[in-house]
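Visitor: Could we go through this structure together, a piece at a time?
Guide: Gladly; have a look first, and then ask away.

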Amino acid sequence: MSASRGDAAAGVAIDFATYHALVQLYAEYAYAVDSGDWDLWPGFFVDDCRYRLVPRENHERGLPLATLSFESKGMLKDRVYGIRETLFHDPYYQRHIVGSPLVRQAEGGRFECEANYAVFRTKLSDTSTVFNVGRYVDVVVRTPDGLKFASRQCIYDSEMIPNSIIYPI
């Protein structure tokens, strides 16, 4: 059962081992996208996954437009290829700060979670800046290989974003 954003009791109780596995999934994801080892990124998702980067206004108004939208692990792998081989950009480092996941719904091996995030970007010859801030709205499923994202929506707060987002959020 989903609760309103203002409801302090919006989370649901799950066992400690499952919650620890969720926290570990979020931490390992942040490590992977911050390390620049792009081959790790698709491995966090099931084959028929969905990954979207969506402005908050569009999400709240139910509008379908997304800044980035991928509909399968194959599309994520294609993005990795693009990052490495075809996209030309000034290289930069990114660093994710991710809040603890709030489990909104848990049923069987499926978990609906949210977590706040902030991504900082450091260009090689510049100071670090706030790059993207928002929240993840995720569906996580239990698989034989552990917990994986079935869906990850990165809902960013600012209407103004850099003219190119190369790396995964």
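This is a predicted model: local features need pLDDT of at least 70, side-chain atom pairs count only at pLDDT 80 or more; totals for chains, interfaces and linings use all residues.

Visitor: How many bridges join β5 to β6, and do they run parallel or antiparallel?
Guide: Strand β5 (residues 110-123) and strand β6 (residues 128-143) run antiparallel and are joined by 13 bridges. As an example of a bridge pair, Arg110 has Val141 in β6 as its partner.

Visitor: OK, and what do β6 and β7 form?
Guide: They form a hairpin with 2 residues between them, and the two strands, which run antiparallel, are joined by 10 bridges. Within this pairing, Gly134 stands opposite Tyr156 in β7.

Visitor: Where is Ser151, then?
Guide: Ser151 lies in strand β7, which covers residues 146-156.

Visitor: Is Ser151 buried or exposed?
Guide: Ser151 counts as buried, because its relative accessibility is 16% and the cut-off for buried is under 20%.

Visitor: And which residues is it in contact with?
Guide: If we leave aside neighbours within four places in sequence, Ser151 is in contact with Arg50, Val137, Asp138 and Val139.

Visitor: Switching topic, where does Leu68 sit?
Guide: Leu68 is in strand β2, residues 68-70, and Leu68 is buried, with a relative accessible area of 15%.

Visitor: What does Leu68 touch?
Guide: Not counting residues up to four places away in sequence, Leu68 touches Tyr51, Arg52, Leu53, Arg79 and Ile165. Leu68 and Val54, which are 14 residues apart in sequence, are 7.3 Å apart in space, taken from C-alpha to C-alpha.

How values were computed:
Residues are numbered from 1 along each chain as its sequence is written. Side-chain values use heavy atoms; hydrogens and water are left out. Helices (H or I, at least four residues) and strands (E, at least two) are DSSP runs, numbered from the N terminus. Buried means under 20% relative accessible area, exposed over 50%, partly exposed in between (1.4 Å probe, protein chains only). Contact means heavy atoms within 4.5 Å. Two strands pair if DSSP finds at least two bridges between them.
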